[in-house]
Amino acid sequence: LHDRLWVTTLPVTFDDATFSGKPLTFEILRANPSAILMPEMNEEERKNYFRMTCRPGDTVYVKYALIDYESYKFWTTGGNELAMGQNPFLSPSPVHSNLRGKDVLGVWCGYAAKVATLIYRDTLSGR
């Protein structure tokens, strides 16, 4: 990508129950970032900004993290709502929260995060 903009991937979270400790091959889909910057963009920048996939030659920075189960429940339920085009604050589906109090929704979360740098290569063309 042409920038270091961090965008959400789909799915937002997943557990390691099926591969715990084993190597994993996973397709990463780039979710649409915020539209706040759109008025400042030309048509080519918009097309590049709102794409779901990476292109051969792209350098992709993947940030991943280990979180506790309560945080996982928040990010999974909230992420599912966002992936389906819903607003998690207006939707009737429950979004789990690990915060307690009247009319409180959110997460208090610590992340054991790492960043990996990947160069996307097209195996057919060699790029």
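**View 1. Threonine 76 and the backbone of tyrosine 72.** A polar atom of the threonine 76 side chain lies 2.8 Å from the backbone oxygen of tyrosine 72. The model is predicted: local features need pLDDT of at least 70, side-chain atom pairs count only at pLDDT 80 or more, and totals for chains, interfaces and linings use all residues. Side-chain values use heavy atoms, without hydrogens and water, and residues are numbered from 1 along each chain as its sequence is written. Threonine 76 sits in helix H2 (residues 69-83); helices are DSSP runs of at least four residues, numbered from the N terminus. Threonine 76 counts as buried because its relative accessibility is 17% (buried is under 20% relative accessible area, exposed over 50%, partly exposed in between; 1.4 Å probe, protein chains only).

**View 2. The aromatic pair of phenylalanine 14 and phenylalanine 19.** The whole structure holds three aromatic pairs. One of them joins phenylalanine 14 and phenylalanine 19, with 6.1 Å centre to centre and 55° between the planes, a tilted pair. Rings of Phe, Tyr and Trp (its six-membered ring) pair with centres within 6.5 Å; planes under 30 degrees apart are stacked, over 60 edge-to-face, the rest tilted. Phenylalanine 14 is partly exposed, at 41%. Phenylalanine 19 is buried, at 18%.

**View 3. A nonpolar surface patch.** Phe14, Leu24, Phe26, Ile28 and Leu118 make up the patch. Together they have about 430 Å² of accessible area (Shrake-Rupley method, 1.4 Å probe; for residues, only the protein chains shown count as cover). Patch residues have over 30% relative accessible area and no salt bridge; nonpolar side chains (Val, Leu, Ile, Met, Phe, Trp, Tyr) are joined within 5 Å, like charges within 9 Å. A salt bridge puts a side-chain nitrogen of Lys or Arg within 4 Å of a carboxyl oxygen of Asp or Glu. Phenylalanine 26 lies in the loop between strand E1 (9-10) and strand E2 (29-30); strands are DSSP runs of at least two residues. Phenylalanine 26 is partly exposed, at 36% relative accessibility.

Conventions
A polar contact is a pair of N or O atoms within 3.5 Å; within protein, one must be able to donate a hydrogen and the other to accept it, and residues adjacent in sequence count only if both atoms are side-chain atoms.
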